[in-house]
Amino acid sequence: MAHIELRELDDDDLDAVFEMMRDPDAVAMAAFTAADPDDRGAFDAWIARQRGAAEVSSYVVTENGGFAGTAAVFSVDGDREVTYWIARHAWGRGVATEALRILVSREPERPLFARVATHNAASRAVLEKVGFTEVSRDVDFAPGVGREVEEIVMVLVPTLE
């Protein structure tokens, strides 16, 4: 199995992150994305806000030392939430699952939340493998597909010791 790590996001990663986040198939699966994934100026402004926010921890996912995606923990209305985006070349090999396990191990706060478009079965399976369970569903406009999409809210609760 490949060696998966999370490391700090740096300036040299930005081109790879931008290209990954504009892959049309990945955008369709994620659904809740930038309104225009090809807008580099909007991407640069968004990533600068993320990198400057104290409550956001952003990482690059590496597979055998090479770029394989991103993962982050952030706050929404006082709740901690995880997100990840895996580059197409790293799909289907357990990279997302291992990256999420590492991310969750670095974030002590529980509960941890995650959101996934209902039609994104692969991402939902990753969340379930790491211990997330469904708590609710909402329908909201998804810019990545240009229509309303059902989204599952999942939670990782504290373990009983």
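## Backbone, sheet and rings

Ala31 is placed in the loop between α2 (24–30) and α3. Helices (H or I, at least four residues) and strands (E, at least two) are DSSP runs, numbered from the N terminus. The model is predicted: local features need pLDDT of at least 70, side-chain atom pairs count only at pLDDT 80 or more, and totals for chains, interfaces and linings use all residues. Residues are numbered from 1 along each chain as its sequence is written, and side-chain values use heavy atoms, with hydrogens and water left out.

Ala31 has a phi near 65°, a positive value in a residue other than glycine. Asp77, also not a glycine, has a positive phi of about 50° and belongs to the loop between β3 and β4. Ala31 is buried, with a relative accessible area of 0%, whereas Asp77 is exposed, at 78%. Buried means under 20% relative accessible area, exposed over 50%, and partly exposed in between (1.4 Å probe, protein chains only). Another backbone feature is the cis peptide bond between Arg110 and Pro111, with omega about 0°. Pro111 lies in the loop between α4 and β5.

The strands form an open sheet of 7, in the order β1-β2-β3-β4-β5-β7-β6, with mixed pairing. Its edge strands, β1 (4–8) and β6 (133–142), each pair on one side only. Neighbouring strands are turned by 30° against each other on average, direction ignored. Two strands count as paired if DSSP finds at least two bridges between them. Strands β5 (residues 112–117) and β7 (residues 147–156) are antiparallel and share 6 bridges; Val116 stands opposite Ile152 in β7.

Helix α4 (residues 95–106) touches β1, β2 (57–63), β3 (66–76), β4 (79–86), β5 and β7, and its direction makes about 50° with that of β1. Helix α5 (residues 121–130) touches β4, β5, β6 and β7, and its direction makes about 10° with that of β7. Axes are lines fitted to C-alpha atoms, for helices over the stretch in contact, and angles run from 0 to 180 degrees between N-to-C directions.

Rings of Phe, Tyr and Trp (its six-membered ring) pair if their centres lie within 6.5 Å; planes under 30 degrees apart count as stacked, over 60 as edge-to-face and the rest as tilted. By this rule there are 2 aromatic pairs, listed here.

| Pair | Centre to centre | Angle between planes | Class |
|---|---|---|---|
| Phe18 and Phe43 | 5.2 Å | 55° | tilted |
| Phe43 and Trp46 | 6.1 Å | 45° | tilted |

Phe18 lies in helix α1 (residues 14–20) and Phe43 in helix α3 (residues 40–52), so their pair ties together parts that are 25 residues apart in sequence. Phe43 and Trp46 are both in helix α3, 3 residues apart, about one turn of the helix. The ring pairs link Phe18, Phe43 and Trp46 into a cluster.

A charge sits over a ring if NZ of Lys or CZ of Arg is within 6 Å of the ring centre and within 35 degrees of the ring normal. The charged end of Arg40 sits over the ring of Phe18, 4.8 Å from its centre. Arg106 lies over the face of Tyr59, at 5.0 Å from the ring centre.

Key
Contact means heavy atoms within 4.5 Å.
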